[in-house]
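Come along and check each entry with me.

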Amino acid sequence: MIKPDATAKGYIGAILQMINEAGFKIVALKMTRLTDEDARAFYKIHQGKPFFENLVDFMTSGKIVAAVLEKENAVEDFRTLLGSTNPQEAAQGTIRNKFAESISYNAVHGSDSDENAQIESDFFFVEEEVYA
Ligand code: CMP
């Protein structure tokens, strides 16, 4: 998911290009805006953490781009392409190194397991949109 900071700054095209060039196939894509309820549901594992309310405010502050990506070893390779959650620690050439401004406004979210990738794909897309 490309987050509201990155969509507002016009980075959608550059980020999708990096994703393609890293060998990911984009199989579903959608620009939308999360409601408060959506953001709380999407990030429910972080409920109660000190940054949760800020995260919900940020994620509902503008449009996001949701994508389903396909690749061998996609979860791990995408996290490598993203770089660390904290952009100060993100390796050179990673998406967060280039486009994120802080640990909160970090440009892109990636799923952390195959299981969560399926759950997060189902959050945004119906099966026919992914497997058309
Ligand atoms: P993301 O990978 O989308 O998963 C949870 C999000 O919470 C994270 O990226 C950040 O945008 C946000 N966040 C804000 N503060 C923190 C923090 N201190 N630690 C981890 N995540 C944070």
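These are my entries, starting with the ground rules.

**Ground rules.** I am reading a predicted model, where local features need pLDDT of at least 70, side-chain atom pairs count only at pLDDT 80 or more, and totals for chains, interfaces and linings use all residues. Residues are numbered from 1 along each chain as its sequence is written, and side-chain values use heavy atoms, with hydrogens and water left out.

**Entry 1: the ligand's neighbours.** I looked up which residues surround the ligand, and found K3, Y43, H46, F51, L55, R96, I103, S104, N106 and H109. Here, a residue is near if one of its heavy atoms lies within 4 Å of the molecule. By class, this shell has 4 nonpolar, 4 polar and 2 charged residues. I noted the classes: Ala, Val, Leu, Ile, Met, Phe, Trp, Tyr, Cys and Pro are nonpolar, Asp, Glu, Lys and Arg are charged, and the others, Gly among them, are polar.

**Entry 2: polar contacts.** I searched for pairs of N or O atoms within 3.5 Å. A side-chain N or O atom of K3 is 2.7 Å from an oxygen atom of the ligand. N106 also uses a polar side-chain atom, 3.2 Å from a ligand oxygen, whereas S104 brings a backbone N or O atom to 3.2 Å from one. The protein covers 78% of the 450 Å² of accessible area that the ligand has on its own (Shrake-Rupley method, 1.4 Å probe).

**Entry 3: the largest pocket.** Where does the ligand sit? The space it takes is the largest pocket, for which more than half of its atoms must lie within 2 Å of the pocket's grid points. A pocket is an open set of points on a 1 Å grid over the protein atoms alone, where a 1.4 Å probe fits, with protein on both sides within 12 Å along at least five of seven lines; lining residues have an atom within 4 Å of a point. This pocket holds about 710 Å³ of space, a volume filled by probe spheres set on the points. Among its 28 lining residues, Y43, I45, H46, L55 and H109 lie nearest the centre. Helix α7 gives the most to the lining, with 4 residues.

**Entry 4: the second largest pocket.** I noted a volume of about 590 Å³ here. Its lining has 21 nonpolar, 5 polar and 3 charged residues.

Conventions:
A polar contact is a pair of N or O atoms within 3.5 Å; within protein, one must be able to donate a hydrogen and the other to accept it, and residues adjacent in sequence count only if both atoms are side-chain atoms. Helices (H or I, at least four residues) and strands (E, at least two) are DSSP runs, numbered from the N terminus.
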